[in-house]
Amino acid sequence: MSEAPEAPAEAPGEALEDVRAAAAGPAVDSAMDPAVAPWRRLDMRSLLATTAVTGSFALGAGVPTAVGMADGGGLWKALAWVLGGTALLVLCATGGDYVRWRRTRYRIGPERAELHTGLFLVKRRSLARERIRSVDLTAHPLHRLLGLVKVRIGTGEHSGNESTLELDPVSRAEGERLRTELLDRTPSEPGPFGEGTLAALDLRWVLYAPVSFLAPLLAGATTGGLLQISDWFGAQEQVIDWVAHRLRDTPLVWAILALVAVAGLAGVVGALGVWTEMWWNYRLEREAGGTLRVRRGLLTSRSVSIEERRLRGVELVEPIGVRLLGAARLDAVATGLAHDDEDKHADHKTLLPAAPRALADAVAARVLREPLSPTARTVLTRHPRVARARRLRRALAAALVPAALLALLGLLLTDVLLYIAAGYAVVALPVGLLLALDAYRNLGHGISGAYLVTRSGTVRRTTVALQRGGVIGWTVKQSYFQRRAGVLTLTATTAAGEGAYHVRDAGLSEGLTFADTAVPDLLTPFLEPERPRG
């Protein structure tokens with residue numbers, strides 16, 4: 001049975017997948033035709049990686065279990081069973097990976113990138129080269145030891161695996177060749193910043209890791225994990241009793257503070273470890289052909305490429321802890337960024353980790369090929385004071401409504417809830433008011449040359465510089481309360497980044513004028529001319 005013909009390049013959708021029964025015969029080797037690129041196989045060293053990983057997991061789980069369960073002379077017999085089972089598992093896993101290696105091939109032609117794989121369920125997938133937006137390389141420690149990488153070729157569409165080809169693994173040299181070949185399309189444009197390194201790791205940046213949102217999350221995860229592990233071994237009560245015994249003579253308030261401090265220390269250590277794994281060996285480079293490349297990673301190395309012609313702007317992200325230290329993170333606003341649900345650390349849009357704000361602005365200018373970053377040079381228009389009143393009312397509601405409910409329950413049930421309500425109100429009210437005032441101060445919008453700039457947020461303040469030419473639409477929203485207050489929310493729609501960027505609670509006339517000025521003629525047909533009075 002011959003292979004079905006390839007779908008035409010102009011078929012809708014960016015990826016084509018064809019599933020055939022295993023009875024289908026082998027495809028004709030395209031290497032016979034010199035005009036067509038030859039088929040290639042994955043690197044056979046993947047069998048070594050599979051053998052090492054399977055054997056390590058089997059022995060790591062089996063040997064401690066055998067030692068713990070064996071008694072007296074039965075130890076060697078138990079170990080023999082473990083070794084036999086490990087050998088069987090390794091044989092099966094390596095055999096399965098060998099079949100996958102034999103049945104997987106790929107080729108990069110002048111118009112399409114193709115991947116064929118599968119034994120009982122044969123999958124044939126191809127991507128039009130003109131639609132390929134990203135070629136990212138990842139290598140975990142074993143792959144790095146063997147000189148291998150996993151190559152992920154994507155179109156940037158949110159359509160699951162249909163928009164992605166994954167070659168796992170190929171040699172590092174082959175991965176670099178694929179990345180260069182698939183992304184090198186046009187020469188880089190002239191500008192004040194040429195090719196080379198735009199930013200490199202500064203070890204002082206690690207000081208921003210403990211004040212990120214990751215630290216308290218890891219603190220809570222550490223506490224929960226300790227309790228869960230102790231429960232697995234039936235020792236949770238002993239752990240709790242041990243902690244209670246150590247704090248027996250300590251006042252309740254100080255005991256709580258001590259536990260929070262210990263958990264916080266664990267969170268800080270964890271945040272430092274995660275940051276080091278993610279950002280060690282970090283470099284941001286501009287390569288020939290107009291490609292931005294981010295390389296980073298201590299144990300698992302990652303390489304993310306972003307075509308400059310797909311770049312629509314930048315976003316400065318300032319979580320409140322990082323902002324208090326005068327730092328910010330820089331993200332790209334670009335079309336076609338890859339998404340990897342398997343790798344939680346594969347943040348494909350981040351160009352610069354938390355670093356001093358002045359440096360983040362300087363890197364943004366280099367990335368955008370501007371003398372000064374639009375996020376730094378633009379004087380933003382303040383929003384009307386009614387926007388401040390709206391945020392203060394929300395803060396009051398967030399502080400007083402839960403306190404009132406707790407107080408009501410306290411009157412009906414127990415006096416303990418009354419103390420909790422009072423404590424919550426004492427803490428939440430001033431904190432909420434301060435955050436509301438800060439949120440109002442952070443509101444702003446403006447125009448800087450070819451970019452529109454908008455800023456908002458308090459716990460996580462963001463400043464977005466978006467190319468005016470990248471805006472494809474405006475959405476104007478007014479809730480009932482916004483209409484009464486005379487403000488509105490503008491949303492700039494774009495094909496890049498998050499897809500929508502907001503100008504919140506702007507004045508009615510100034511907001512519409514801003515939208516019409518930023519992108520002329522886009523909103524004009526929907527604006528009513530002001531009627532003369534009298």
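Trainee: At roughly what angle do the axes of helix H11 and helix H12 cross?
Mentor: This is a predicted model. Find H11 at residues 385-412 and H12 at residues 416-442. Their axes come within 9 Å, and the crossing angle is roughly 170 degrees.

Trainee: Are H11 and H12 roughly parallel or roughly antiparallel to each other?
Mentor: Start from the angle, roughly 170 degrees. Angles over 145 degrees count as roughly antiparallel. H11 and H12 are therefore roughly antiparallel.

Trainee: How many nonpolar residues does the contact of H11 with H12 have?
Mentor: Sort the contact by class. It has 3 charged residues and 2 polar ones. The nonpolar count is 26.

Trainee: Is serine 126 buried or exposed?
Mentor: Serine 126 is in strand S5, residues 121-128. Its relative accessible area is 6%. Buried means under 20%, so serine 126 is buried.

Trainee: Which side chain has a polar contact with the side chain of serine 126?
Mentor: Stay with serine 126 in strand S5. The polar contact is 3.2 Å. The partner is arginine 112.

Trainee: Which two residues are joined by a cis peptide bond with omega of about -5 degrees?
Mentor: Most peptide bonds are trans. Look in strand S8, residues 164-171, where proline 169 is found. The cis bond joins aspartate 168 and proline 169.

Trainee: Is asparagine 281 buried or partly exposed?
Mentor: Most residues other than glycine have a negative phi. Asparagine 281 has a positive phi of about 65 degrees. It is found in the loop between helix H7 and strand S10. Its relative accessible area is 45%, between the 20% and 50% cut-offs, so asparagine 281 is partly exposed.

Trainee: What is the relative accessible area of aspartate 521?
Mentor: Aspartate 521 is in the segment after helix H14. Phi there is near 75 degrees, a positive value in a residue other than glycine. Aspartate 521 is exposed, with a relative accessible area of 62%.

Trainee: How many residues does the largest nonpolar core have?
Mentor: In soluble globular proteins, nonpolar side chains tend to be buried together. Here, the residues with the most contacts inside the largest core include Tyr282, Leu330 and Val367. Elements giving two or more residues to this core include H7, strand S14 and helix H9. The core has 36 residues.

Trainee: How many residues are in the second, separate core?
Mentor: Look for Ile132, Ile153, Val170 and Leu183. They are included in this second core. Its size is 20 residues.

Trainee: What percentage of the residues of the protein chain count as buried?
Mentor: The protein chain has 14 helices and 21 strands. There are 534 residues in the chain. The share that counts as buried is 41%.

Technical notes:
Residues are numbered from 1 along each chain as its sequence is written. This is a predicted model: local features need pLDDT of at least 70, side-chain atom pairs count only at pLDDT 80 or more; totals for chains, interfaces and linings use all residues. Side-chain values use heavy atoms; hydrogens and water are left out. Helices (H or I, at least four residues) and strands (E, at least two) are DSSP runs, numbered from the N terminus. Buried means under 20% relative accessible area, exposed over 50%, partly exposed in between (1.4 Å probe, protein chains only). A polar contact is a pair of N or O atoms within 3.5 Å; within protein, one must be able to donate a hydrogen and the other to accept it, and residues adjacent in sequence count only if both atoms are side-chain atoms. Axes are lines fitted to C-alpha atoms, for helices over the stretch in contact, and angles run from 0 to 180 degrees between N-to-C directions. Angles under 35 degrees count as roughly parallel, over 145 as roughly antiparallel, 65 to 115 as roughly perpendicular and the rest as oblique. Ala, Val, Leu, Ile, Met, Phe, Trp, Tyr, Cys and Pro count as nonpolar, Asp, Glu, Lys and Arg as charged, and the others, Gly among them, as polar. A nonpolar core is a set of buried Ala, Val, Leu, Ile, Met, Phe, Trp, Tyr and Cys residues joined through side-chain atoms within 4.5 Å.
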